[in-house]
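Have the viewer open as you read along.

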Amino acid sequence: MDLQRLTDRLGGLAFGGDYNPEQWDARVWKEDDELMRRARVNLATVGVFSWALLEPEEGRYDFDWLDAHLDRLHANGVAVDLATPTASPPPWFTLAHPDALPVHPDGTRLTHGSRDAYCLTAPAYRRAARRIAAALAERYGDHPALALWHVHNEYATLCHCDHAAAAFRVWLRARHGSLDALNDAWGTTFWSQRYTSWEQVLPPRATQWHHNPGQRLDYSRFWSDETLAAYREQRDAIRAHSDRPVTTNLMLPGYQNLDLWAFGREVDLVSVNHYPGAPGVDAAAHAAFDADRARSIAGGAPWLLMESGTNTVYAEGRVLPKEPGDILRHSLAHIARGSEGALFFQWRQSRAGAEQWHSAMVPHAGPDSRIFREVTATGEAVARLGELAGSTVRAEVAVLHDSDAWWAMTVDGLPSPELDYYAALRRAHRALWDAGRTVDFAHPGQDLSRYRLVIAPTLFLLSDVSAHNLRSYVAGGGTLLVQHFSGVVDENLRSRLGGYPAAPLRETLGIRSEEYRPLRRHEVITLSDGSTASSWSESLRTEGAEALAAYTHGPLDGSPALTRHAFGSGHGWYLSTRLDDAGYAALVERLLTEAGTAPDLPGLPPGVEAVTRHAPDGRAWHLLLNHRPEAVPLPQPCHDLLTGTTLGELPPDGCAVLRAR
């Protein structure tokens with residue numbers, strides 16, 4: 001699909017959000033038209049939760065109201081991202097098909113009354129989803145307002161029902177081929193779990209103690225594949241009637257239900273949602289983390305921030321407000337890292353319903369409010385950045401991110417509860433962000449040769465193919481940091497024998513770990529270089545590597561903790577414990593220096609975020625975000641697209657988009 005058509009249709013970058021006119025009346029619609037013009041809205045997502053109105057009973061559609069709104073938006077200069085409403089089946093559907101309601105691992109079947117009350121594997125649900133997607137595409141496939149298709153909303157719902165069990169067995173037959181192969185992969189001789197017929201195999205439902213790890217891992221893989229198949233069915237039903245790009249809004253939370261790399265290969269445009277999990281500078285770091293993940297899932301291509309909150313920070317069980325100016329800052333943080341705009345949930349804050357307190361572009365207070373004034377200012381800023389459309393971001397540093405490795409870290413029975421894949425991923429990215437580097441995420445099996453430095457914060461599961469790929473990367477001149485508890489099991493969760501990590505990686509790093517020694521809760525140890533560490537330690541010996549820091553406690557006294565090994569033309573580093581924040585930051589800075597990386601815009605102090613977008617014709621722009629309370633002089637005066645002036649310094653807590661060349 002040609003995404004240039006989307007950019008041309010919008011006249012630049014996208015700005016807008018979810019629009020639910022069915023919640024309001026004609027008086028409000030008239031005001032919406034005027035306010036959207038004022039805020040420079042050019043894209044509205046319509047129909048996400050409208051299934052009950054679009055199909056009031058099975059097979060009977062009511063499109064008249066949607067016709068009127070699409071025509072009205074088009075007349076007002078607003079393009080439409082038209083959604084299929086399949087994330088929220090109507091009451092008539094679940095009454096007619098109770099077997100399509102999701103089932104928890106403990107056997108509890110949920111009832112209608114919220115969103116996401118469906119099982120993706122239920123045949124009735126899949127038929128209904130395909131049917132309404134096709135009906136919408138047949139009616140609106142060539143509508144002049146239509147710019148983009150939006151399949152479903154936030155695929156995440158899990159199910160453990162009998163439909164899911166039957167589909168799981170079909171998937172397992174395709175993956176393993178035979179029961180003997182399945183039994184071997186899952187190690188079912190342990191605990192008398194050997195299967196003698198396919199009907200005995202179930203999803204990982206509630207049981208007495210630990211689940212079989214292979215069963216848990218394969219169910220995660222299966223569910224991701226099943227979700228992707230459900231997306232493809234709707235996408236293909238749409239493509240039969242329309243040539244507009246098709247996407248789905250992916251969530252990037254601290255749990256992993258989908259193989260995001262696989263989805264990135266199937267959508268025409270990667271789109272994601274982002275809601276920060278902490279206020280202040282931590283929110284800025286979180287925005288950068290999710291934006292870098294989105295760009296990486298898109299393979300470096302342009303992507304879109306489909307959903308964010310104007311005034312929403314989820315932290316410690318509360319919904320905190322954003323600080324003044326954060327709407328613009330957070331929007332620019334995503335645009336800096338390759339987003340083709342900034343969209344929000346939703347346009348107008350709902351008067352009633354389960355999300356009536358979710359922030360919006362037009363709050364309950366109306367347009368005479370701080371939020372709407374900031375929304376308008378942000379819309380004006382985004383409108384000035386049209387020349388950035390289609391430009392991309394380059395990075396010299398990558399953090400390894402593998403869905404299988406993440407799922408593997410969620411199985412029962414690991415040696416320590418502090419082995420947290422998401423936390424390790426966030427920590428590595430944060431250290432690089434603090435150091436002023438733009439970061440890609442990369443799969444351990446992909447070509448890594450363009451990166452000067454690669455960090456593997458946790459690769460508990462590592463396939464032979466990926467292990468050999470990391471070996472080749474270092475031999476070819478790359479710098480690789482592998483952190484503790486990596487290369488431990490193969491793709492079927494079978495332990496690597498003969499010492500950790502996996503043999504090709506062990507040779508690359510020049511070390512051999514023979515025993516893991518998790519630390520007690522809150523235990524802090526000191527290394528020989530004076531740094532402190534916690535959570536984890538390993539009985540490690542060098543096999544060619546240089547020991548840079550050693551343990552100084554107990555039976556590990558004097559044994560290596562941090563090593564460096566010259567291998568081929570590159571270097572493999574191994575960190576066998578969890579350094580404190582200061583020690584980890586110092587290690588990352590050392591690696592960046594030795595790998596020869598540099599910030600996008602050298603000369604800026606810590607606390608100033610700088611990312612460069614590059615156009616194919618050689619043009620470039622520096623997007624700067626000042627997280628400091630004082631003004632910061634720029635290395636040299638540059639033209640700022642946001643103000644239309646030549647800028648010599650960055651205002652306190654301010655932003656700039658500088659035309660570099």
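## Helix 7

In this predicted model, helix 7 covers residues 162–176, a run of 15 residues. From first C-alpha to last, helix 7 reaches 21 Å, close to the 21 Å expected at 1.5 Å a residue.

Which residues of helix 7 are buried? They are Ala164, Ala165, Ala167, Phe168, Arg169, Trp171, Leu172 and His176. An α-helix has 3.6 residues a turn, so residues three or four places apart point the same way. The buried residues of helix 7 pack against helix 8 (179–186) and helix 9 (213–239).

## The largest pocket

If you are looking for space to explore, the largest pocket holds about 660 Å³. Its lining is made up of 26 residues, and Gln23, Phe49, Ser88, Gly353 and Ala354 lie nearest the centre.

Helix 3 (residues 51–54) supplies the largest share of this lining, with three residues. Sorted by class, the largest pocket is lined by 11 nonpolar, 11 polar and four charged residues.

## The second largest pocket

The second largest pocket has a volume of about 500 Å³. Among the 26 residues that line it, Pro213, Gly214, Asp412, Leu493 and Ser495 lie nearest its centre. Helix 8 and helix 9 are the elements that give two or more residues to this lining, and helix 8 gives the most, three residues.

Here the classes split into 14 nonpolar, nine polar and three charged residues.

Terms used
Residues are numbered from 1 along each chain as its sequence is written. This is a predicted model: local features need pLDDT of at least 70, side-chain atom pairs count only at pLDDT 80 or more; totals for chains, interfaces and linings use all residues. Side-chain values use heavy atoms; hydrogens and water are left out. Helices (H or I, at least four residues) and strands (E, at least two) are DSSP runs, numbered from the N terminus. The expected span of a helix is 1.5 Å times one less than its number of residues. Buried means under 20% relative accessible area, exposed over 50%, partly exposed in between (1.4 Å probe, protein chains only). Contact means heavy atoms within 4.5 Å. On a 1 Å grid over the protein atoms alone, a cavity is a set of points where a 1.4 Å probe fits but cannot get out, and a pocket is an open set with protein on both sides within 12 Å along at least five of seven lines; lining residues have an atom within 4 Å of a point. Grid points are joined across faces, edges and corners, and a volume is the space filled by probe spheres set on the points. Ala, Val, Leu, Ile, Met, Phe, Trp, Tyr, Cys and Pro count as nonpolar, Asp, Glu, Lys and Arg as charged, and the others, Gly among them, as polar.
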